[in-house]
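Please look over the model below before reading the points. The comments are meant to be checked against it one by one.

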Amino acid sequence: TSAHIDKSISFKGFPVDTNNKVIGFGGGSIYKIKDENNTFLNLIKDLLEQNDNFIFFFANVGDTSYVNDFIKEYRLEGRFIALGNREDICTLFENIDIFFNTYPFGGGNMLSYAFQNKVPVVTFYDNKFLHTRLDLVFDIDLEEKYILEDKIKYIEYANKLIRSNNYRKEISSTFDIEMQKRTSFDEGLMALLNDNENSLSPSLLKRIEINNEAAFTFHLNKNQF
């Protein structure tokens with residue numbers, strides 16, 4: 001499915017100069033990026049340290065102290081910026097180069113915004129949470145190289161996107177083609193009701209086992225970090 005895009009609110013700009021910068025963006029509730037090892041924040045830190053022309057913005061509703069404390073600790077001011085809530089979120093996606101999905105708990109609407117704006121997406125797949133695997137979330141067929149299950153693979157892929165505008169265009173085109181090929185929800189539902197599985201994509205036919213215990217535990221413990 002696609003998220004509703006409201007472009008009635010014009011882009012409000014960024015709080016720092018982004019000329020000649022590759023702009024990374026992520027966002028969501030802070031609990032989605034909290035884990036024992038600060039995995040998401042540390043991955044972004046590594047990318048910033050490896051790419052002088054890379055800048056990263058994170059938008060969220062509510063308290064920004066968790067992100068700002070990390071920024072201050074590692075002296076990332078001016079390159080890793082917490083934006084708070086952005087009412088112009090839809091038009092903001094027209095002004096970024098790469099979208100970074102939250103981890104360990106992935107997002108939904110913002111992923112759709114990225115794909116609908118043809119922005120390449122980087123997402124760290126956690127096998128406990130199927131919504132961090134892009135082919136399952138969007139019912140598209142993807143090569144395994146786009147399923148980033150370890151940090152080395154994640155950093156290599158993100159670095160390639162940061163360092164090559166042509167590669168960003170290539171990835172955007174690849175994903176857009178797959179998105180256009182998707183079976184609609186209505187068509188898929190009718191095929192299942194009519195036992196016509198031949199019309200469904202291979203990704204839809206995969207056996208999906210949802211780890212309810214992992215999701216329950218994560219939400220129960222989300223404030224402990």
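Predicted model: local features only at pLDDT ≥ 70, side-chain atom pairs only at ≥ 80, totals over all residues.

1. The protein chain contains 10 helices and 5 strands.

2. Burial and surface. The protein chain has 225 residues, and 48% of them count as buried.

3. Contacts along the sequence. Take the contacts in the protein chain with a separation of 6 or more: 73% of them are accounted for by residues 24 or more positions apart.

4. Geometry of H6 and H7. Helix H6 covers residues 151-163 and helix H7 covers residues 165-180. The two pack at an angle of about 115°, and their axes are 5 Å apart. Angles of 65 to 115 degrees count as roughly perpendicular, and H6 and H7 are therefore described as roughly perpendicular to each other.

5. Residues in the H6 and H7 contact. On the H6 side, the contact is made by Tyr157, Lys160, Leu161, Ile162 and Arg163. Their counterparts in H7 are Asn165, Tyr167, Arg168, Ile171 and Phe175. Sorted by class, the contact of H6 with H7 has 6 nonpolar, 1 polar and 3 charged residues.

6. A cis peptide bond. Which form does the peptide bond from Tyr103 to Pro104 take? The bond is cis, with omega near 10°. Pro104 sits in the loop that runs between strand E4 (98-100) and helix H4 (109-116).

7. Positive phi at Asn20. Asn20 is a residue other than glycine with a positive phi, near 60°. Asn20 belongs to the segment before strand E1 (22-27). Is Asn20 buried or exposed? With a relative accessible area of 77%, Asn20 is exposed, since the cut-off for exposed is over 50%.

8. Positive phi at Arg75. Arg75, also a residue other than glycine, has a positive phi near 55°. Where does Arg75 lie? Its place is the loop between helix H2 (65-73) and strand E3 (80-84). The relative accessible area of Arg75 is 74%, and Arg75 is thus exposed.

9. Places to inspect. When going through the model, look at the cis bond from Tyr103 to Pro104, at the positive phi of Asn20 and at that of Arg75. For the helix pair, the contact between H6 and H7 can be followed through residues including Leu161 in H6 and Ile171 in H7.

Technical notes: Residues numbered from 1 in each chain as written. Heavy atoms only, no water. Axes fitted to C-alpha atoms, helices over the stretch in contact; angles between N-to-C directions. Helix = DSSP H or I, 4+ residues; strand = E, 2+ residues; numbered from the N terminus. Parallel < 35°, antiparallel > 145°, perpendicular 65-115°, else oblique. Contact = heavy atoms within 4.5 Å. Nonpolar A, V, L, I, M, F, W, Y, C, P; charged D, E, K, R; others polar. Buried < 20%, exposed > 50% of the residue type's maximum accessible area, 1.4 Å probe, protein only.
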